[in-house]
10 protein chains.
Amino acid sequence: MNRNDVTEKIIATKVSKGLKWESVAKKVGLSKEWVTAGCLGQMTFDEKQAKVVGKIFGLSAEEIKWLQVVPYKGSLPTAVPTDPLIYRWYELVNVYGTTIKELIHEEFGDGIMSAIDFSMDIVRQPDPKGDRVNVVLSGKFLPYKQY
Amino acid sequence: MNRNDVTEKIIATKVSKGLKWESVAKKVGLSKEWVTAGCLGQMTFDEKQAKVVGKIFGLSAEEIKWLQVVPYKGSLPTAVPTDPLIYRWYELVNVYGTTIKELIHEEFGDGIMSAIDFSMDIVRQPDPKGDRVNVVLSGKFLPYKQY
Amino acid sequence: MNRNDVTEKIIATKVSKGLKWESVAKKVGLSKEWVTAGCLGQMTFDEKQAKVVGKIFGLSAEEIKWLQVVPYKGSLPTAVPTDPLIYRWYELVNVYGTTIKELIHEEFGDGIMSAIDFSMDIVRQPDPKGDRVNVVLSGKFLPYKQY
Amino acid sequence: MNRNDVTEKIIATKVSKGLKWESVAKKVGLSKEWVTAGCLGQMTFDEKQAKVVGKIFGLSAEEIKWLQVVPYKGSLPTAVPTDPLIYRWYELVNVYGTTIKELIHEEFGDGIMSAIDFSMDIVRQPDPKGDRVNVVLSGKFLPYKQY
Amino acid sequence: MNRNDVTEKIIATKVSKGLKWESVAKKVGLSKEWVTAGCLGQMTFDEKQAKVVGKIFGLSAEEIKWLQVVPYKGSLPTAVPTDPLIYRWYELVNVYGTTIKELIHEEFGDGIMSAIDFSMDIVRQPDPKGDRVNVVLSGKFLPYKQY
Amino acid sequence: MNRNDVTEKIIATKVSKGLKWESVAKKVGLSKEWVTAGCLGQMTFDEKQAKVVGKIFGLSAEEIKWLQVVPYKGSLPTAVPTDPLIYRWYELVNVYGTTIKELIHEEFGDGIMSAIDFSMDIVRQPDPKGDRVNVVLSGKFLPYKQY
Amino acid sequence: MNRNDVTEKIIATKVSKGLKWESVAKKVGLSKEWVTAGCLGQMTFDEKQAKVVGKIFGLSAEEIKWLQVVPYKGSLPTAVPTDPLIYRWYELVNVYGTTIKELIHEEFGDGIMSAIDFSMDIVRQPDPKGDRVNVVLSGKFLPYKQY
Amino acid sequence: MNRNDVTEKIIATKVSKGLKWESVAKKVGLSKEWVTAGCLGQMTFDEKQAKVVGKIFGLSAEEIKWLQVVPYKGSLPTAVPTDPLIYRWYELVNVYGTTIKELIHEEFGDGIMSAIDFSMDIVRQPDPKGDRVNVVLSGKFLPYKQY
Amino acid sequence: MNRNDVTEKIIATKVSKGLKWESVAKKVGLSKEWVTAGCLGQMTFDEKQAKVVGKIFGLSAEEIKWLQVVPYKGSLPTAVPTDPLIYRWYELVNVYGTTIKELIHEEFGDGIMSAIDFSMDIVRQPDPKGDRVNVVLSGKFLPYKQY
Amino acid sequence: MNRNDVTEKIIATKVSKGLKWESVAKKVGLSKEWVTAGCLGQMTFDEKQAKVVGKIFGLSAEEIKWLQVVPYKGSLPTAVPTDPLIYRWYELVNVYGTTIKELIHEEFGDGIMSAIDFSMDIVRQPDPKGDRVNVVLSGKFLPYKQY
C-alpha cells in the first residue's frame with residue numbers, strides 16, 4: 001500500500017457516495033483548497049485531521065496513517081498537462097511568466113513568491129456576461145539572501 | 001525585423017533609462033499586468049497604445065507597427081521553466097492542478113476558466129511576518145458545449 | 001475503479017457486441033462526435049445520458065456514476081501521436097498552424113477559436129476520384145480581453 | 001540564403017506595407033489558406049505564382065526561385081505549440097483524436113484522411129452570441145492497401 | 001481485453017508452437033509483410049482472414065473480433081528505437097532523410113510517397129561476400145493539392 | 001568554416017543555378033542517392049570526387065577539403081521529423097518496425113541489416129492509377145557474433 | 001545588449017586577465033559563492049557592488065546597470081547536465097533525493113529547505129588519502145502552511 | 001521479486017509500524033543518510049547489515065538477499081523532479097551549477113568531486129529567525145588523469 | 001509470457017541461489033560477457049545453450065524456447081541512464097564521442113566500428129594505487145559503401 | 001571569445017592544413033586519445049602543452065589561455081547521438097549496460113569504474129576477415145563508501 005492507493009480510494013469513494021469537497025473541508029475545519037489538495041495526495045494531514053478524513057471516506061487504520069506521511073508531490077501525469085482546464089493554467093504561466101517575474105521584481109526586488117507559505121482561494125464571481133472564476137493566490141515574498 | 005527584436009529593444013531601453021512598468025502602464029492607460037505582457041511580446045497593442053509605447057521606448061515607425069501585429073505567444077525558453085520565481089508558479093500548477101480542477105468542476109460543472117477573457121492583478125500585501133505577494137486571477141467560466 | 005476502466009469496458013463491449021457509435025449517439029440524442037468523445041472518456045454525461053449509455057454497454061450503477069464525473073482529458077498516449085490517422089491531424093496543425101493563426105487574426109484580431117464552445121461534424125463526401133472525409137469545425141471566437 | 005529567409009522577408013514586408021493575406025491570395029488566384037501557407041514557407045509555388053508573390057513582396061530573382069523549391073515543412077518551433085490559438089488545435093487533436101479515429105473508421109474502414117490531397121476553408125460565421133470561426137477540412141480518404 | 005492482449009497471445013503462441021510468419025501468411029493468402037504486421041497489431045483483418053489467423057493461433061471468438069477492429073498503430077515503445085535492427089532503419093531515415101526528400105521532389109515535384117497505399121517486400125539476396133537483405137518499398141506518389 | 005557551411009552553399013547554388021542532383025551524380029560517376037547524400041553533408045567524397053563537386057558548385061579550395069572530411073552525420077533537425085515526406089518514412093519504421101524485425105530474424109537469425117554496407121535506389125514506377133515511388137534498399141546482413 | 005552578454009564579457013575578461021573569483025569576492029565584500037553566482041548571471045548586485053564588479057572587469061555604464069537587473073536564472077544548457085563535475089551533483093539529487101526528503105521530513109515535518117534563504121560554502125579539506133571537497137549548504141526550513 | 005518490491009515493503013512497514021530512519025540507522029551502526037539510502041534501494045548492505053534491516057522490517061530470507069545485491073540506482077521518477085523539496089535541490093544544481101564548477105576548478109584544477117567516495121550529513125541548525133537545514137557534503141576530489 | 005518475464009526469473013533465481021555469471025558462462029561454454037548479456041535478455045541462445053541456461057535457472061520448456069527467440073534489445077529504462085556505473089559509460093560516449101570518431105576516421109576513413117561483429121572483455125587489473133577495471137572492446141571496422 | 005571558438009578554429013585549421021591528430025599528440029607528448037579530446041574542447045592543457053598546441057594551430061595568446069581553462073564538457077549535440085559511428089557506442093551502453101554493471105559488481109562489489117582516473121587506447125587490429133577497431137578502456141574502480 002502507498003499514498004497513491006489511498007488517494008485512488010478517496011476519489012472512488014467520493015464518486016460512489018456523491019460527496020462534495022466543500023463539505024469534506026468543513027468537517028476537517030480548513031479551506032476547501034488545502035483539504036482537497038490533501039485528499040488528492042499533495043498535503044500532509046495531522047492525526048486529528050486524518051481521522052476525520054478517514055471517517056468520511058471509510059479508510060482503514062493503515063490508510064489513515066498514510067495520510068499523515070509527507071507525500072511525493074506532483075499531481076500531473078505529464079510535464080505539459082493535457083487536460084484543458086489545467087492546461088489553461090500552464091498557459092498562463094507560459095504567456096504571463098515573464099510579466100509576473102518583472103512585476104514582482106519591480107515591487108519587491110530579487111526573490112520569489114513562496115509556493116509553500118502560500119494559500120489559494122477559488123470563488124465564483126457572478127457576472128451578467130457569464131460568471132467568472134476568481135482565484136486569489138497569496139504567497140510570502142522571500143528575498144534572495146546575500147552572504 | 002520581427003516582434004522579438006522589438007521586445008529586446010524595449011527591455012534594453014528600460015534598463016538603460018531606468019523605467020518602471022507601472023509608469024509605462026499609466027501612460028498607456030491600462031493595467032500594469034496587461035501592458036507589461038504587451039511590452040514583453042505577448043499581447044497586441046492598438047494603434048494609439050502602440051504609439052504611446054513607441055514614444056516611451058524610442059521605437060521607429062516600423063517597430064510601432066510590429067506592436068500591433070498579433071505575436072506568436074509563449075514567453076518561456078523551456079517547457080519546465082528554470083527561473084526560480086517562474087518555476088514556483090509551474091509548481092503551483094503541478095501540485096494544485098488536480099485540486100483546482102476538482103473545485104472548479106464542483107462549483108461550475110465541466111468547462112474551463114478562460115485564459116483569454118482573463119485578467120490578473122498583482123499587489124503587495126503588507127504583513128508583519130513578511131510582506132506577501134497577492135495575485136488575483138479572474139477568468140470567465142466557459143462550459144463545454146454539448147451538441 | 002476509475003473513468004479509464006469504464007472507457008475500456010465500453011470499448012470492449014462495443015467490439016464484442018458489434019455496436020456502432022452512430023446508433024449509440026442516436027439513443028443518447030446528441031451528435032455522434034460528442035457522444036463518442038464522451039464514451040471514450042473525454043466528455044461528461046448528465047445523469048439521463050449516462051443511464052442511456054449505461055444500458056447500451058451494460059454498465060453498473062457505479063460505472064454510470066463515473067460517466068457523470070468530469071474526466072481528466074487527453075486521449076493520446078504520446079505528445080506526438082504515432083497512429084497514422086491521428087498523426088495526419090497533428091501534421092495539419094504543424095504545417096498549417098501558422099497559416100490558421102494568421103487568417104483568424106486577419107479576420108477577427110487577437111484572440112482564439114474556442115475548443116470548448118466548439119462542435120465538430122464528420123461526414124463522407126462522395127467523390128468520383130475517391131470519397132473524401134469532410135470535417136466542419138466550429139468554435140466561438142474569443143477575443144483577448146484588455147484590462 | 002534559404003527558404004526561411006524568404007519567409008521572414010515576406011512577413012516583415014507584410015507588416016511594414018500593411019498587406020492582407022486575402023488580397024495576396026486573390027492576386028495569386030488561389031485560396032487564402034493555400035497561399036498563406038505558401039508564403040509562410042509550407043507550400044511550393046509554380047513559376048507564375050512565385051512571380052506574383054515576388055512582385056507583391058518585392059522579392060529578388062533568387063528569392064523568387066526559392067519559392068519554387070519544395071520546402072522542409074513544419075511551421076512550429078516546438079512539438080507542443082505554446083501559442084494559445086494554435087494550442088487549441090493541438091488540444092482538439094489530443095481530446096478528440098481517438099473520437100475522430102473511431103468515426104472515420106466506422107464510416108470508411110481502415111485508412112486515413114489525407115493531409116496532402118487536402119483543402120481547408122476558414123470563414124467567419126456571424127452569431128448573435130458571438131461570431132464563430134468555422135473551418136471546413138476536406139481530405140481524400142485513403143484506404144490501407146492489402147498486399 | 002484489447003488488441004494488445006491479442007497481439008501478445010499471438011506472439012506467445014508462435015513461440016510455444018514454433019510457427020513461422022511465412023506459413024501463417026500463406027494460409028491467409030497475402031504477403032508475409034502485411035500478415036505479420038496484422039498479427040503484430042498494426043493492420044486490420046477482414047472476417048475471413050481473422051478466422052484463419054484465429055484458427056492458427058487458437059484465438060477465442062472475441063479475440064477474432066478484435067483482429068477486425070482498426071488498431072491504434074505504432075509498434076515501438078520509444079520515439080527513437082533502442083533495438084539495433086530497428087534502429088538501423090531509423091538511422092537510414094536520419095542520414096538519408098533529406099536525400100530521399102530531394103530525389104523524390106526532383107522526380108515528382110511537391111508531394112509524398114504514401115505509407116498507406118504502400119507495399120513492402122523483404123527478400124534474401126545471396127552474395128558471396130555475405131548475403132544481403134533486400135527490401136523493396138513501393139508507395140503511390142501523392143502530389144500536394146493546390147486549391 | 002565547417003561542413004555545414006559547405007552544405008548550405010551547395011544547396012543555395014543548386015537553387016540559383018537550377019541544377020539537378022541526377023546530373024551532378026552523373027558527373028561524379030556514382031548513384032544519385034549516394035552523391036546527393038554526400039552533397040547534403042552525410043557522406044565523404046574522395047579527392048577526385050570532391051573536385052568534381054567543387055567545380056559544379058563553385059567551391060573554394062578549402063570548401064573542397066571539407067568535402068573530404070568525414071562529417072558528423074544526421075540530416076534532420078528533430079528526432080521525429082516534421083516534414084510530411086520524411087515523416088512517412090519515420091511512420092513506416094514505427095508501424096512496420098517490429099514486422100521488419102520479425103521477418104529478417106525469421107530468414108537470417110539474430111543480427112541486423114547494415115546501414116553502412118548499404119545502397120538505396122529510388123525510381124519512378126509508372127502506374128495507371130498514379131505513379132509510384134519504388135525504393136530498393138539493400139543492406140548486408142550482419143549476424144551477431146557469439147564469443 | 002542583455003545580461004548574458006555581460007556574463008560572457010566577464011568570463012572572457014577573467015580568462016584574459018587571469019583573475020580569481022576569490023579575489024573578486026573579497027573586493028565585493030561577500031562570499032566567493034554568492035559573488036561568483038552573481039558574475040555568472042544568477043544573482044542581482046546592488047549599485048555599489050555592481051560598480052566594484054564593473055571596475056574589475058572593465059564594464060561600461062550600461063553593462064553595470066544590467067548587473068542590477070534581476071536575471072532569468074538557470075545556468076545550465078540542458079535539463080540533465082553533461083559536464084561531469086556538475087553531473088555528479090545531479091547524480092546526488094537523483095540517488096539521494098528520496099533520502100534527503102525522508103530525513104528532512106523526519107526532523108522537520110512537511111515543508112522544504114529553502115533555495116532562496118540559502119547559503120553555500122565550498123572548502124578544501126586536506127586528507128592524506130586525497131583532499132576532499134567539503135560543501136556546506138544551509139537553507140531555512142519552510143513549513144507548508146495550512147489554511 | 002526484485003529490489004523495488006523490497007523497498008516498497010520497507011516503506012510500507014515503516015508507515016504501519018511508525019518507525020524512524022534514525023533508529024534504524026542506529027541499529028545498523030552507520031549514519032542515517034547512508035542507511036536510509038540503502039533502505040530506499042540505493043545502496044548495498046553487507047550480510048550482517050542486511051539481517052539487521054531484515055529483522056526491523058520483518059523481511060523474508062529472500063528479501064534479505066536482495067538487500068545485498070547492488071541495485072540499479074536512481075530514486076526519482078522523472079528527470080526533473082516534481083516534488084518541491086527535491087526540486088529545490090535540482091534548482092540549486094541549476095542555478096549554482098556553473099558556480100560550483102568554477103570554484104572547485106579554481107581551488108583544485110580539472111577534475112570532479114566524487115559522488116562515490118562521498119558522505120552527507122543533514123542536521124537541524126536552530127535559528128531564532130526560523131531553524132535551518134544544514135547539509136554537509138564531502139566528496140573526494142578526483143583529478144582528471146593525463147595519459 | 002514474454003522474454004522479459006524469463007529475464008526477471010533468471011535474475012531472481014540468481015539472487016536466491018547465489019549464482020555467479022562467470023560460472024553460468026563456463027557451463028554454457030562462451031564468454032561471461034556474451035552469456036550475461038544473453039541471460040539479461042539481449043542475446044539469442046541456440047537450443048543447446050538455452051537448455052544449459054534453463055537447467056541452471058530451473059526454467060520451463062516454454063521459457064527455454066523464449067531464450068531462443070531474438071529479443072527486442074535495449075536494457076536501460078531511460079535514454080540517459082541514472083545508475084552511476086552505467087552513467088559513467090554514457091559520460092565516456094558524451095565526453096569522448098567526437099574524439100573516438102576523429103581517431104577511427106583518421107585510421108580507417110569513413111565507416112563505423114561494428115557493435116554486432118563485436119566482442120567485449122572485462123578484467124580486473126591489479127594496481128597498488130587501487131585496482132582498475134580494464135575493458136577491451138573489439139569491433140570490426142565497416143567502411144561506408146560507395147555506390 | 002570562448003573555448004568553443006577555439007575548438008572550431010582548431011578543427012578548421014586541421015582541415016585546411018591537413019594535419020593528423022597523431023602527429024599533434026606526438027608533439028604534445030601524450031596519447032592521441034587525450035590530446036584529441038583536449039583539442040576538441042574536453043580536456044584542460046597546462047601552459048606548456050597549450051603553447052605547443054597553439055603553435056601547431058596558429059592560435060593567439062588569448063586562445064592559448066582558453067586551452068588552459070577547464071571547459072564545460074560534453075561533445076555531442078543531442079542526448080542520443082545521431083552520428084552512426086558514435087551511435088554504435090551509445091548502442092553498446094544500451095545493449096550491454098546491465099551486463100557491464102553485473103560483471104563489474106560481481107568482480108568488485110558496489111562501486112563504479114571511474115571516467116576521470118581513466119585512459120583509452122584505440123588501435124587497429126589487422127584481421128584477414130576485415131581489420132578491427134580495438135579499444136582498451138581502463139578506469140580505476142571506486143568502491144561506494146559506507147559512512
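**A note on domains and paired chains**

1. Start with the spacing inside one chain: the centres of domain 1 of chain A and domain 2 of chain A, taken over C-alpha atoms, are 26 Å apart. Keep in mind that this is a predicted model.

2. Where do those domains sit in the chain? In chain A, domain 1 covers 3–67, and domain 2 covers 84–143.

3. Now for the pairing of chain A with chain B. As for the surface where they touch, 100% of the contact residues of chain A recur in chain B, and the same surface serves both copies.

4. Chain I goes onto chain J by a turn of 180° and a shift of 0.0 Å along the axis, and the RMSD is 0.0 Å. This is how a two-fold axis relates its copies.

5. In chain I, the residue that comes closest to the rotation axis is Val136(I), at 2.3 Å by its C-alpha. The interface residues of chain I are, 100% of them, interface residues in chain J as well, so these copies meet through the same surface.

Key: Residues are numbered from 1 along each chain as its sequence is written. Chains are lettered from A and ligands numbered from 1 in the order in which they are written. This is a predicted model: local features need pLDDT of at least 70, side-chain atom pairs count only at pLDDT 80 or more; totals for chains, interfaces and linings use all residues. Side-chain values use heavy atoms; hydrogens and water are left out. Copies are superposed by least squares on the C-alpha atoms of residues with pLDDT of at least 70 in both. Contact means heavy atoms within 4.5 Å. Domain bounds come from an automatic or database domain assignment.
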